[in-house]
Amino acid sequence: MATTDVGLSDSGTSDTDLPSGGSPDPASPESAPTGAGPSGARPPAPPTPAGDPFLDAALVEARLGLAEGGIPIGSVLVRDGEIIGRGHNRRVQRGSVVLHAEMDALENAGRRTGAVYRASTLYTTLSPCAMCSGALLLYGIPHIVVGENRTFNGEEELLRARGVDVRVLQDPRCIELMREFITARPELWNEDIGT
């Protein structure tokens, strides 16, 4: 199956454009609730306009990880227009073998019911690996918005084959951040992806 490439350009949104706490303004149209849909049905996919506040929040997390000496990948878990979990790759910082950005966001969301996960969207700056994709499938998260997959193409096809709506934005900020990191720290990047 072909990758969904929205082809967004850099909108110029900066980290400081987010309200305090890093969460988008709940009154903005971008953070309007997506609705639950009929009982048992997957909720509709949220819009992903240029300057998406949730991808911006994931980028804030990625940059925080880089500033901490780690790998610049960030993620947020969103339900009804609110960030309920955020995280960044902390493998280096915590000496962890599993703490990728998506896993960190799920961990920081705390214990939730299956209904919460099934009504959520995960935003991540980079295509999710096999481990993170497995966790997303386990919890039934129906929508995943990927900042980019040019520097690493994870398990998008597996996710799609299991009914997950995966949208890849090819956001230039995400691409540049990872390209610069991979060039500067190839050994750390190769460790992170298990090569």
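This note goes through the strands, aromatic pairs, backbone angles and cavities of a predicted model.

1. **Strand β3.** Start with β3, which covers residues 120–124. This strand is mostly covered, with 5 of its 5 residues buried. Ser120, Leu122 and Thr124 point one way from β3. Thr121 and Tyr123 point the other way. Both sets are buried. In a regular strand, side chains alternate between the two faces of the sheet.

2. **Neighbours of β3.** On one side of the pairing list is β1, residues 74–79. β1 and β3 run antiparallel and are joined by 5 bridges. Within that pairing, Arg79 stands opposite Ser120 in β3. β3 also pairs with β4, this time in the parallel sense, over 4 bridges. Tyr123 stands opposite Val145 in β4, and the bridge partner of Thr121 in β4 is His143.

3. **From β3 to β4.** How does the chain get from β3 to β4, and what is the hand of the crossover? The chain passes through helix α5, residues 130–138. This β-α-β crossover is right-handed.

4. β4 spans residues 143–146. His143 and Val145 point one way from β4, while Ile144 and Val146 point the other way. All of these are buried. β4 pairs with β5 in the parallel sense over 4 bridges. Ile144 has Val166 as its bridge partner in β5. The chain crosses from β4 to β5 through α6, and this β-α-β crossover is right-handed too.

5. The whole structure holds 3 aromatic pairs. One of them joins Phe54 and Tyr123. The ring centres are 5.4 Å apart, with 50° between the planes, and the pair is tilted. Phe54 sits in helix α1 (residues 53–67) and Tyr123 in strand β3, so the pair ties together parts that are 69 residues apart in sequence. Are these two residues buried or exposed? Phe54 has 3% relative accessibility and counts as buried. Tyr123 has a relative accessible area of 1%, so it is buried as well, given the cut-off of under 20%.

6. **Aromatic pair on α8.** Another pair is Phe152 with Trp189. The arrangement is edge-to-face, at 5.8 Å centre to centre and 85° between the planes. Phe152 lies in the loop between β4 and α6 (156–161), and Trp189 lies in helix α8. The pair therefore ties together parts that are 37 residues apart in sequence. Phe152 and Trp189 are both buried. For readers checking the numbers, a pair of aromatic rings is described by the distance of the centres and the angle of the planes.

7. **Backbone angles to check.** Most residues other than glycine have a negative phi. Asp80 has a positive phi, near 50°. Asp80 is in the loop between β1 and β2 (82–88). At 35% relative accessibility, Asp80 counts as partly exposed, because the value falls between the 20% and 50% cut-offs. Gln170 also has a positive phi, near 50°. Gln170 is in the loop between β5 (165–168) and α7 (172–184). At 7% relative accessibility, Gln170 counts as buried.

8. **Cavities.** Rolling a probe the size of a water molecule over the atoms shows where empty space is left. How many cavities of 30 Å³ or more are there? The count is 2. The largest cavity holds about 90 Å³ of space. Its lining has 14 residues. Those closest to the centre are Ile73, His100, Leu126, Ser127 and Cys129.

9. **Lining of the largest cavity.** Which helices each supply at least two residues of this lining? They are α3 (101–109) and α8 (186–192). By class, the lining residues of the largest cavity divide into 9 nonpolar, 3 polar and 2 charged.

Key. Residues are numbered from 1 along each chain as its sequence is written. This is a predicted model: local features need pLDDT of at least 70, side-chain atom pairs count only at pLDDT 80 or more; totals for chains, interfaces and linings use all residues. Side-chain values use heavy atoms; hydrogens and water are left out. On a 1 Å grid over the protein atoms alone, a cavity is a set of points where a 1.4 Å probe fits but cannot get out, and a pocket is an open set with protein on both sides within 12 Å along at least five of seven lines; lining residues have an atom within 4 Å of a point. Grid points are joined across faces, edges and corners, and a volume is the space filled by probe spheres set on the points. Ala, Val, Leu, Ile, Met, Phe, Trp, Tyr, Cys and Pro count as nonpolar, Asp, Glu, Lys and Arg as charged, and the others, Gly among them, as polar. Rings of Phe, Tyr and Trp (its six-membered ring) pair if their centres lie within 6.5 Å; planes under 30 degrees apart count as stacked, over 60 as edge-to-face and the rest as tilted. Buried means under 20% relative accessible area, exposed over 50%, partly exposed in between (1.4 Å probe, protein chains only). Two strands pair if DSSP finds at least two bridges between them. A crossover is right-handed if, with the strands pointing away from the viewer, the path from the first strand over the helix to the second runs clockwise.
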